[in-house]
Every structure is written in structure tokens, then in C-alpha cells.
Amino acid sequence: RSDITTMANDTAMNTMQHFLQIEDFSRDTLLQLIDKANTIIHTDQKQQQQRGILAGKTLVNLFLEPSTRTRVSFELAARRLGGEVINLDNQQSSMRKNEDLLDTILSLQAMDCQLFALRHPKNSTVTTVSKQVPKGIAIINAGDGTRAHPSQALLDMLTIQQHKQDFSNLTVAIIGDIKHSRVANSQITALRRLGVKEIRLIGPETLLLTDLNDPLITTETSLVQGLQDADVVIVLRIQQERFQTEALPDLKEYYQHYGLTQSKLAHAKPDAIVMHPGPVNRGIEIDTEICDGPQSVIRQQISNGVAMRMAILSTLVKNLLQ
Ligand code: CP
């Protein structure tokens with residue numbers, strides 16, 4: 001593996017100003033970011049901080065929706081690279097007095113903040129803001145609406161690669177509320193780019209995506225059918241906060257049909273891994289014994305989040321300097 005400071009000369013890696021969506025990256029760029037995160041995992045923490053890749057730089061976590069994993073891992077990532085971090089409290093910020101997002105970012109830039117991890121409930125607001133900010137600012141999509149959560153998808157690809165190495169033979173089953181899941185959207189794009197064999201979307205018809213015209217992707221309303229011989233099983237939470245006109249499924253009934261239990265998981269390959277981006281609702285979409293069981297890599301996903309976000313921040317900061 002290459003050293004974190006001397007990664008290969010991929011054009012996208014050398015010009016990336018913002019980190020917005022998986023669609024912006026080629027297969028090679030995705031693999032390079034995964035490789036970079038893997039290198040970080042195998043590098044001593046103190047060594048990374050001493051390198052001070054983010055020294056003199058400040059990351060602002062600007063989250064307009066709740067978060068545990070993404071916000072904390074961006075904070076740890078920036079600190080481990082020697083940077084400073086501001087966690088702007090949405091409830092206490094002047095956005096409560098109607099200051100808009102762009103003015104908020106420009107005010108923080110005036111205080112020498114350069115990197116902004118942005119989570120927003122509305123689709124595409126993060127991209128819109130990225131087009132309005134001046135040079136010297138990097139916008140990172142930390143999850144926008146139902147559209148994209150690219151850093152989560154990348155850390156998920158890193159986790160899959162750590163267990164399965166070659167993407168081309170994989171059947172990946174994604175279970176649950178795919179319609180409202182920004183994670184699923186970004187994962188599907190990443191899995192397609194990385195060339196998996198098959199993607200199966202499993203859930204009640206009302207929660208599946210219907211407009212996907214891709215022979216690689218199949219939809220399935222039966223969990224047992226969808227899990228047959230799957231290599232990777234990704235479980236999603238029902239995104240109750242994003243339901244608008246649709247009726248919420250009855251959670252007991254949902255668990256009966258789509259909750260991942262040991263007997264249902266037995267239909268996947270014996271060495272299948274079980275993933276969940278979090279937050280997990282035990283007893284609704286997944287049983288506790290699976291969540292904490294030998295096939296679960298859920299905690300590894302969370303750990304990988306720090307390294308993947310270090311890879312993203314160190315790539316963006318290098319390009320800020322140009
Ligand atoms: N996966 C994820 O985005 O988790 P958080 O909402 O806790 O950041």
C-alpha cells in the first residue's frame with residue numbers, strides 16, 4: 001500500500017475540491033479512497049498526527065439533523081490529522097435568527113475555517129451551497145435528505161473489501177426502507193461502480209425504488225427469496241422522519257416480514273456478512289442476536305468511519321492548498 005502522503009497521481013484525487021456524491025467518482029477514484037483509508041488503518045495514530053496534514057486547518061461540523069457516528073468520526077478524523085474542529089450547535093447558532101447557510105459558512109470562513117462537513121434534511125442543498133462558496137472552502141456531504149451519504153457508502157465499501165476482497169463475485173442484498181435511504185442510494189451507486197455481480201433490493205413494495213432500470217439490480221418483496229446465497233446483507237432502518245404522504249408500516253408486522261432473524265439469515269451464504277449503517281432499531285429491522293453475532297460487522301463499519309473520513313479530509317485539504 002502507498003503512504004498516505006504519497007498516494008498515486010489520480011486526477012480526481014488531485015483536483016477534488018468538494019466531496020458531494022459517489023456519482024462524481026470513477027471506479028479508480030473509489031478504490032484509491034478505499035486504499036487510502038486502509039493505509040491509514042495500518043499507520044500508527046501518533047505518526048499521522050505528527051505529519052500534521054490538517055495542521056492550521058479547521059473543520060466545522062455543521063449538522064442540521066441529528067448524528068452520532070458521522071459527526072463524531074469527522075471530528076476524530078480531523079483531530080487525528082492535527083486539525084481543529086468546531087461543532088456548530090444548530091439550536092444555538094444564528095441560523096435560528098434566520099441567517100442563511102451560505103452566510104453562516106462565509107462568516108466561519110472569515111474566522112479561518114476551511115472544511116465544512118454538512119448534513120442537511122433537504123435534498124441537494126449541500127450541492128447548491130458547494131457551488132456558491134468561494135475557493136479555499138471544501139464542502140463535504142455528511143448526508144443530504146434522501147439523496148446521498150457518500151462517506152457512509154465509502155466506509156461500507158471499505159468494510160466489504162476487508163471481508164470479501166473481490167467485488168466482482170458479490171451478491172449484495174439491501175433490506176428495508178430503500179426509498180427514503182440516502183445511504184442505500186449512495187451504496188447502490190458505489191456497488192455498481194465497483195462492479196458487483198448482483199444487487200437485490202428487498203422490502204415492502206411501498207419502500208422499494210421502482211425507477212431503477214438496471215439488469216444488475218433486482219427487487220424482491222420476500223426476504224427469504226432475496227437472501228438466497230447473498231454474500232453481503234445490508235439492513236436499513238425505517239426512516240420514520242422522512243415519510244410524507246405514505247403510511248408508516250406497522251412495526252410489528254414489519255418485523256415479522258422483514259426483521260432479520262437467525263433463521264432468515266440462514267438463507268444467505270454461511271460466510272455472509274451483516275451490515276447496518278446505524279442507527280440500529282433492534283427488534284424492528286434486526287434481531288439483537290444478529291446485531292451482536294459473529295456475522296455482524298456493524299461495529300467495524302463504525303471504526304472504519306474514522307479512517308475513511310481521514311482519507312477524505314486529507315485528500316480535500318491537499319487540494320485546498322493549490
Ligand atoms: N450512519 C449514520 O449516518 O449515522 P449517524 O446518523 O449517527 O451519523
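Cys-291 counts as buried in this predicted model, at 9% relative accessibility. Cys-113 is buried as well, with a relative accessible area of 5%. The structure holds 0 disulfides.

**Aromatic pairs**

The number of aromatic pairs in the structure is 2. In one of them, Phe-19 and Phe-25 are stacked, with 5.4 Å from centre to centre and 25 degrees between the planes. The pair is classed as stacked because planes under 30 degrees apart fall into that category. Phe-19 has 0% relative accessibility and therefore counts as buried, and Phe-25, at 4%, is likewise counted as buried.

Tyr-254 and Tyr-258 form a tilted pair, their ring centres lying 5.5 Å apart and their planes standing at 40 degrees. Both tyrosines belong to helix H10 (residues 251–258), where they are 4 residues apart, so that about one helical turn separates them. Tyr-254 is buried, its relative accessible area being 3%; Tyr-258 is also buried, with a value of 8%.

| Residue | Relative accessible area | Class |
|---|---|---|
| Phe-19 | 0% | buried |
| Phe-25 | 4% | buried |
| Tyr-254 | 3% | buried |
| Tyr-258 | 8% | buried |

**Packing of H7 and H13**

Two packed helices are described by the angle between their axes and by the distance between those axes. For helix H7 (residues 150–164) and helix H13 (residues 298–320), the axes come within 8 Å and cross at roughly 115 degrees. The crossing of H7 and H13 is right-handed. On the H7 side, the contact is made by Ser-151, Gln-152, Leu-154, Leu-155, Asp-156, Leu-158, Thr-159, Gln-162 and His-163. H13 contributes Gln-300, Gln-301, Asn-304, Gly-305, Met-308, Arg-309 and Ile-312 to this contact. Sorted by class, the residues in the contact of H7 with H13 comprise 5 nonpolar, 9 polar and 2 charged.

Thr-104 is located in helix H5 (residues 101–110). Is this residue, Thr-104, buried or exposed? Its relative accessibility is 6%, and Thr-104 therefore counts as buried, since the class covers values under 20%. When residues up to four places away in sequence are not counted, Thr-104 touches Leu-62, Leu-88, Met-95 and Glu-99.

Conventions
Residues are numbered from 1 along each chain as its sequence is written. This is a predicted model: local features need pLDDT of at least 70, side-chain atom pairs count only at pLDDT 80 or more; totals for chains, interfaces and linings use all residues. Side-chain values use heavy atoms; hydrogens and water are left out. Rings of Phe, Tyr and Trp (its six-membered ring) pair if their centres lie within 6.5 Å; planes under 30 degrees apart count as stacked, over 60 as edge-to-face and the rest as tilted. Buried means under 20% relative accessible area, exposed over 50%, partly exposed in between (1.4 Å probe, protein chains only). Helices (H or I, at least four residues) and strands (E, at least two) are DSSP runs, numbered from the N terminus. A disulfide is a pair of cysteine sulfur atoms within 2.5 Å. Axes are lines fitted to C-alpha atoms, for helices over the stretch in contact, and angles run from 0 to 180 degrees between N-to-C directions. A crossing is left-handed if the near helix is turned anticlockwise from the far one by less than a right angle, and right-handed if clockwise. Contact means heavy atoms within 4.5 Å. Ala, Val, Leu, Ile, Met, Phe, Trp, Tyr, Cys and Pro count as nonpolar, Asp, Glu, Lys and Arg as charged, and the others, Gly among them, as polar.
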